[in-house]
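Subject: A structure for you to explore

Hello,

Here is the structure I promised to pass on. Please open it beside this email and follow along as you read.

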Amino acid sequence: MKIAVAGTGYVGLVTGVCLAEMGHSVFCVDIDEGKVALMSSGISPIYEPGLEEIMVKNMDKLNFTTNYKEAYKDADVIFIGVGTPEKHDGSANLCYVYSAAEQIAESIEKDCVIVVKSTVPIGTNDKIEDIIKTKLVHNVNVSVASNPEFLSQGTAVRDTLHASRIVIGVEDSSAGEVLKEVYKNFGAPILVTNRKSAEMIKYASNDFLALKISFINEIANLCEIIGANVDDVAIGMGYDNRIGNRFLNSGIGYGGSCFPKDTKALHWLANFHDYELKTIKAAIDVNENQKLKLIKKSRKYFDSLKGLNVAVLGLTFKPGTDDLREAPSLVNIPIMLEDGAKVKAWDPVGINSFQKLHPDNITYCYTIEDTLKDADVCFIFTEWDEVKDLDLSKYSKLMKNPIILDGRNCYSLTSVKNANIIYDSIGRETINSLETLLV
Ligand code: UGA
């Protein structure tokens, strides 16, 4: 089967490469010539574990091109995997999806199935079908199918090759059969439904996970007030398999390119239809507040961060990715700088992108030790393994005031009890094992 994929971001590129791994011949299309040249030489423009290796292994089945006409004209199946960023009003910006649809309509010369993989508001597949049918140049039959993506950044390849489910939303059964054929080697359960239900499955899944995180974060905040331990609470809840033990890690809120955008987009869509999604609104509000949790905690120790050496561990929205979108570091570091703090930051892969936003006023460090040296306080924003595995005695040895504000609960309370530090995390008691209080 000849497959084309529009867009080579996280969704498009991972989809294209994994389809090649499963035996298909795949044309990956992007407008960025530099990116296409890079991918053609076997280099992945995004950091995603395992992606480059599979890409290199399947170069004989992969083509990267800016020439969309060539890629689309005789394809059996064309996936749309371009971005749907958030607009200022919270709705999804669909201009890239629509422009890909127009390019497809003017290029295809044989019958094909057009598959929307980008996360799009419910009803968008119908509009895409209208655009394509209106703009078709050649007399061909097209079907539009919704096939949402459930991959997570950092585990995108594994999530695609070993998918929990494949959801296919179609209005005609023959398109469903074509997609079943595309996915026949994936070994995942396949659900065939109508297009709107498939679109809704994507939003409902992401928004439910976001809600789960905001729920446990609220419980964590209450645990702090009443003296309970949220980690134990989450373990206790998780034994009930109706609740499940995943996505119950409390912290400084969810970030990334999906949960913040998809919660706002579904809420916006419901509002548009005069319906208020109260649970989703609560998830969004809790998350906005949660992102500021560590800055608020810092006020317990210092009236202001003015003139203090602040160490920041972790910049990306989660470990295993260089993506900064909606990362808590983006909200917190400007507040520190505004306060007049001297900020030193470490991240194993996120520094280059962060430096583009803040080129001058932050000292970027390539080791955790350099970051901690002489610091008055340390903020942990991302639970990188390097942070979790750190010898805890380094905090007291290197920092001026070993006050650790941990937004990701990287350490067990037992382990910090002998570390000679003040350790303030999320939803757990604050440990002050300092022999002498330094502040
Ligand atoms: C998310 C979903 O998990 C994927 O299923 C979905 O396909 C993807 O969005 C998408 O729509 O493309 P992703 O944004 O890559 O994937 O990252 P997650 O691992 O879900 O983490 C999102 C945020 O939630 C991170 O900031 C993470 O730190 C936070 N999180 C996650 C928590 O605070 N607690 C948890 O228990 C889990």
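Let's begin with Asp-274, which is exposed, because its relative accessible area is 75%. Asp-274 sits in the loop between α11 and α12 (278-290). Its phi is near 60 degrees, a positive value in a residue other than glycine.

Before we go on, please note that this is a predicted model, where local features need pLDDT of at least 70, side-chain atom pairs count only at pLDDT 80 or more, and totals for chains, interfaces and linings use all residues. Residues are numbered from 1 along each chain as its sequence is written, and side-chain values use heavy atoms, with hydrogens and water left out.

Phe-247 also has a positive phi, about 60 degrees, although it is not a glycine. You will find Phe-247 in the loop between α10 (230-238) and α11 (259-272). Phe-247 counts as partly exposed because its relative accessibility is 32%.

Now look at helix α9 (residues 195-226), which contains Ile-226. Helices (H or I, at least four residues) and strands (E, at least two) are DSSP runs, numbered from the N terminus. With a relative accessible area of 59%, Ile-226 is exposed.

Is Val-36 buried or exposed? Val-36 is buried, since its relative accessible area is 9%. Leaving aside neighbours within four places in sequence, Val-36 is in contact (heavy atoms within 4.5 Å) with Asp-30, Phe-64, Thr-65 and Thr-66.

Finally, the sheet. It is open, has 7 strands in the order β11-β10-β9-β12-β13-β14-β15, and its pairing is mixed. The edge strands, β11 (362-365) and β15 (431-432), each pair on one side only. Two strands pair if DSSP finds at least two bridges between them. Strands of a sheet pair through backbone hydrogen bonds, either parallel or antiparallel. Here, β12 (residues 377-380) and β13 (residues 403-406) run parallel and are joined by 3 bridges.

Helix α13 (residues 293-301) lies across β12, β13 and β14 (422-424), at about 155 degrees to β13. For such angles, axes are lines fitted to C-alpha atoms, for helices over the stretch in contact, and the angles run from 0 to 180 degrees between N-to-C directions.

Enjoy exploring!

How values were computed:
Buried < 20%, exposed > 50% of the residue type's maximum accessible area, 1.4 Å probe, protein only.
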